[in-house]
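Subject: Structure handover and notes

Dear colleague,

I am passing on the structure below, together with a short account of what was found in it. Please read the notes with the coordinates open beside them.

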Amino acid sequence: LVMVFYGSNGKSNPVSMENKVEHQAKNQITYDIRLPSDLGMLYKVRFGLQSLEDSISQLSLRHFKMQNTSTLDTFSLTINKTLPLSLNGDRWIEFPVEWPLKEALSVVTYHLTVFSRNILSERNLVHMTACIYGTHGDTGDRSLLWSLQNVQQGEDNESFLVIVDAVELGELDKVVLLISSKTDCKLDIKKLYLKEAVKEHPIYVFEVNEAFSMDANKPEIQREIPVSFVIRGDKQKNDIDNNLYKEGSQARNLTEYTIKVYTGDKRGAGTDANVHIILFGNEDKSEVFQLSQSLEHQDPFERGKVDTFKIKTKKLGSLRSIEIGHDGKGFASGWFLEKVEITDASINSMYCFNCNR
């Protein structure tokens, strides 16, 4: 059994209950643990199983009681849940800590919809988890392929719904995907939609647009995907639904662009902010792409470096201009951009956009 404690100033490392038994009675175990003093006021606890590989039976949790031995502040909760939640299912449950005279957060059911091209056919070959981050912490790594609902398959695309129960996360910020496989395979993930189950809005959209190549000898792949945009109204949702309807017919007409971004060789030129780009052609304009996965560098947009990105979008015709910028996140987020070179291999054309600012 593993626990993670969340406080107003951060979260603890996973605390394993192994070798921490202080007293054991019938159906009751007491643990003595030490938490960092700078966690602040505790507001959430996450329970999980370290591994399912050696588990013969499920673990039933009935009641939880926690006491600060210095202040004697006490919190107790009736759980009545079993881990994992189903065979090969979610290994984690979490709940808010309710202190006297303090308003506690609530447990929320989140709907995560994954849009892809081939995950359903490969689901038995891969292990895939997502960790959702918000202003109130994160969910930890949750399995995406154990409970698929509302599965829809088309000729060129598919989607499925994953249900995640977690203490409310506040405004969502990013999703971190972890993907591994015991055999050679390729996963093509397009985007993620995330919202609370009981609410129509807001819907958080995370653009992925990446094919992940895996084999048994490779370590697991990790991708951090910042939120691309948020749908907050009915009109916006209808526009998105219409775009999804059109995607099937447009999939065959996608054009791949190679984008080279040159960061200047000046003091303070690099940035850790999230950079986005939009391409404008004489026929159409692209959607917003987050430039987060450089082909050369794990940490892109550093001083004097060139980062290459590949994107796929609808046919734009001849490129006329681009919009490129960042969200200003991080310390000293200013960025000196030298130029951007974009290659359209389908028509053997290269475009250069100088910035030098």
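The notes below begin with the conventions, then turn to the overall fold, a pocket and some individual residues.

This is a predicted model, in which local features need pLDDT of at least 70 and side-chain atom pairs count only at pLDDT 80 or more, while totals for chains, interfaces and linings use all residues. Residues are numbered from 1 along each chain as its sequence is written, and side-chain values use heavy atoms, with hydrogens and water left out.

Overall picture

The protein has 2 helices and 27 strands, where helices (H or I, at least four residues) and strands (E, at least two) are DSSP runs numbered from the N terminus. Of its 357 residues, 43% are buried; buried means under 20% relative accessible area, exposed means over 50%, and partly exposed is in between (1.4 Å probe, protein chains only). Among the contacts (heavy atoms within 4.5 Å) with a separation of 6 or more, 66% are between residues 24 or more positions apart. The protein exposes about 20,100 Å², with 44% of that supplied by carbon and sulfur atoms; accessible areas come from the Shrake-Rupley method with a 1.4 Å probe, and for residues only the protein chains shown count as cover.

The second largest pocket

The second largest pocket holds about 1,600 Å³ of space. A pocket here is an open set of points on a 1 Å grid over the protein atoms alone, where a 1.4 Å probe fits, with protein on both sides within 12 Å along at least five of seven lines, and lining residues have an atom within 4 Å of a point. Grid points are joined across faces, edges and corners, and the volume is the space filled by probe spheres set on the points. The lining comprises 39 residues, and Tyr31, Phe64, Lys65, Met66 and Gln67 lie nearest the centre. Two or more lining residues come from each of β1 (2-7), β5 (28-31), β6 (42-48), β7 (59-67) and β8 (74-83), and β7 gives the most, with 9 residues. By class, the lining has 20 nonpolar, 12 polar and 7 charged residues, with Ala, Val, Leu, Ile, Met, Phe, Trp, Tyr, Cys and Pro counted as nonpolar, Asp, Glu, Lys and Arg as charged, and the others, Gly among them, as polar.

Individual residues

Arginine 46 sits in strand β6 and is buried, at a relative accessible area of 5%. Its side chain is joined to that of tyrosine 6 by a polar contact of 2.3 Å, that is, a pair of N or O atoms within 3.5 Å, where within protein one must be able to donate a hydrogen and the other to accept it, and residues adjacent in sequence count only if both atoms are side-chain atoms. Beyond neighbours within four places in sequence, the contacts of arginine 46 include Trp92, Glu94 and Asp138.

The peptide bond from histidine 201 to proline 202 is cis, with omega near 0 degrees, and proline 202 belongs to the loop between β17 (185-196) and β18 (203-214).

Best regards
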